[in-house]
Amino acid sequence: KYHRFPLATMMRLVVLLFLVSSVAGASFHIEFNNNIGNDHSTCGGETRVPEIDTKTVVYQVDGNPFEGYIAMPKGAQTRTRQYPAVLLVHGWEGVNPDTNGRADELAKLGYVAMSVDMYGQGIRPEEIPERIAQSSAVRGNIPLLKLRMDAALQYVQQLPYVQSSAVAAAGYCFGGSVVLQWAFTGAPVAGVVSFHGGLSSLDSSTAELVTAKILIANGQSDDSIAFDDIIKVQTALVGAKKDYRLQQYAEARHCFTYVAAQGAEGNCAYNQEADMQSHASMRQFLKDIMP
């Protein structure tokens, strides 16, 4: 059964996790944004660069070509300085202009951002059955998921203008699930951010392997996120003494960052305020973990 997380239920969750964390000594942070309305399109202290460079890149995963997209501050390739990097993982439709646009925004903030290809060059499913098949093949095969994420990480780390010790990852929907699953394999990155990513595929028994800090941004009205899965994941992270943040956005449903879903009916719908606030939180999170 799925729940819309009434306030009383969420408060019981806070009390439960506080008691568990008091024993385990874990670090966790939960936010319930029931008063969405402030414009957080920019964060205080951020400096935006006026121009960026972008390019399509082809890299190898187990001998097969994968095609991603990189955005970076203008002239980064010719400078001697190195920049922190963010790997961005697409939704179930594959590498797309929306994810690449998010990479552009991060490049304007001084990051090297790479749209990771989780399917392979030329594989961009358009029909729902094919999208289900492609995404399920990755989410259901942890060694394959790890292989593809590790390859993207290694590719971006070897770029001379990237600070190899300062890399994070973020993903949307399918991609949100991917970065969380990757984190639970011990992914050697500073942190991961999941936007409306599923939690059911996470193996809570491997929480001890997590080294990355975690930010989870979900819609409080997302019917695809089971309340029991939230409890399971948080209990595992608290018990393993891992640093994570959970944010629930009031009235936000699934895919609340997808502008194309604006005005849509059903569980998949854009929410501008949740979109802006969750990305403001990500920007602060990135500054915290990669100062």
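Contact is taken here to mean heavy atoms within 4.5 Å. The structure is a predicted model, in which local features need a pLDDT of at least 70 and side-chain atom pairs count only at pLDDT 80 or more, while totals for chains, interfaces and linings use all residues. Residues are numbered from 1 along each chain as its sequence is written, and side-chain values use heavy atoms, with hydrogens and water left out.

The pLDDT, the predictor's confidence in each residue on a scale from 0 to 100, averages 86 over the protein, and 83% of the residues score at least 70. Over residues 17–24 the pLDDT is below 50, and this stretch has 14 contacts in the model beyond near neighbours in sequence. The pLDDT is also below 50 over residues 32–45, a stretch with 33 contacts beyond near neighbours in sequence.

Seven helices and nine strands are present in the protein; helices (H or I, at least four residues) and strands (E, at least two) are DSSP runs, numbered from the N terminus. Of the 291 residues, 54% are buried, where buried means under 20% relative accessible area, exposed over 50%, and partly exposed in between (1.4 Å probe, protein chains only). Among contacts between residues at least 6 apart in sequence, 69% join residues at least 24 apart. With neighbours within four places in sequence left aside, Ala190 is in contact with Val167, Ala212, Lys213, Ile289 and Met290. The C-alpha atoms of Ala190 and Ala166 are separated by 6.5 Å, although the two residues lie 24 residues apart along the chain.

A nonpolar core is defined as a set of buried Ala, Val, Leu, Ile, Met, Phe, Trp, Tyr and Cys residues joined through side-chain atoms within 4.5 Å. The largest such core contains 55 residues, of which Leu87 and Met118 touch the most other members. Helix α4 (residues 142–157) contributes the largest share of this core, seven residues. A second, separate core comprises 33 residues, including Ala107, Ala113, Ala168 and Tyr172. In soluble globular proteins, nonpolar side chains tend to be buried together.

Leu87 is in contact with Met114, Val116, Met149, Ala152, Leu153, Val156, Val167, Ala168, Ala169, Ala170 and Trp182, leaving aside neighbours within four places in sequence. Met118 is located in the loop between β5 and α3 (128–139) and counts as buried, at 0% relative accessibility. Not counting residues up to four places away in sequence, Met118 touches Phe66, Val89, His90, Val138, Leu145, Arg148, Met149, Phe174 and Val178. Of these residues, Val138 lies 20 residues from Met118 along the chain, with a C-alpha separation of 7.7 Å.

Helix α2 (residues 97–108) has twelve residues and, at 1.5 Å a residue, should span 16 Å, in agreement with the 16 Å between its end C-alpha atoms; the expected span is 1.5 Å times one less than the number of residues. Thr99, Asn100, Ala103, Asp104, Leu106 and Ala107 are the buried residues of α2. Seen down the helix axis, these buried residues fall within an arc of 165 degrees and so line one face of α2, the arc being that of the directions from the helix axis to the C-beta atoms. The elements that cover them include β2 (52–61), β3 (64–73), β4 (83–89), β5 (112–116) and α7 (272–289).

At the start of α2, a side-chain oxygen of Asn96 reaches to within 2.9 Å of the backbone nitrogen of Asp98. This is a polar contact, a pair of N or O atoms within 3.5 Å; within protein, one must be able to donate a hydrogen and the other to accept it, and residues adjacent in sequence count only if both atoms are side-chain atoms. Lys108, also in α2, is partly exposed, with a relative accessible area of 29%. Lys108 and Arg48 are 60 residues apart in sequence and 5.2 Å apart in space, C-alpha to C-alpha. Gly110, which follows α2, has a positive phi near 100 degrees.

For α7, the 18 residues should span 26 Å, and the end C-alpha atoms are 26 Å apart, which agrees. The buried residues of α7 include Ala274, Met282, Phe285, Leu286 and Ile289. Asn271, in the loop between β9 (244–249) and α7, counts as buried at 14% relative accessibility. Asn271 caps the N-terminal end of α7, with a side-chain oxygen 3.3 Å from the backbone nitrogen of Glu273. A polar atom of the Asn271 side chain also lies 3.0 Å from the backbone nitrogen of Ala274. Leaving aside neighbours within four places in sequence, Asn271 is in contact with Ala250, Glu251, Ala252 and Phe256.
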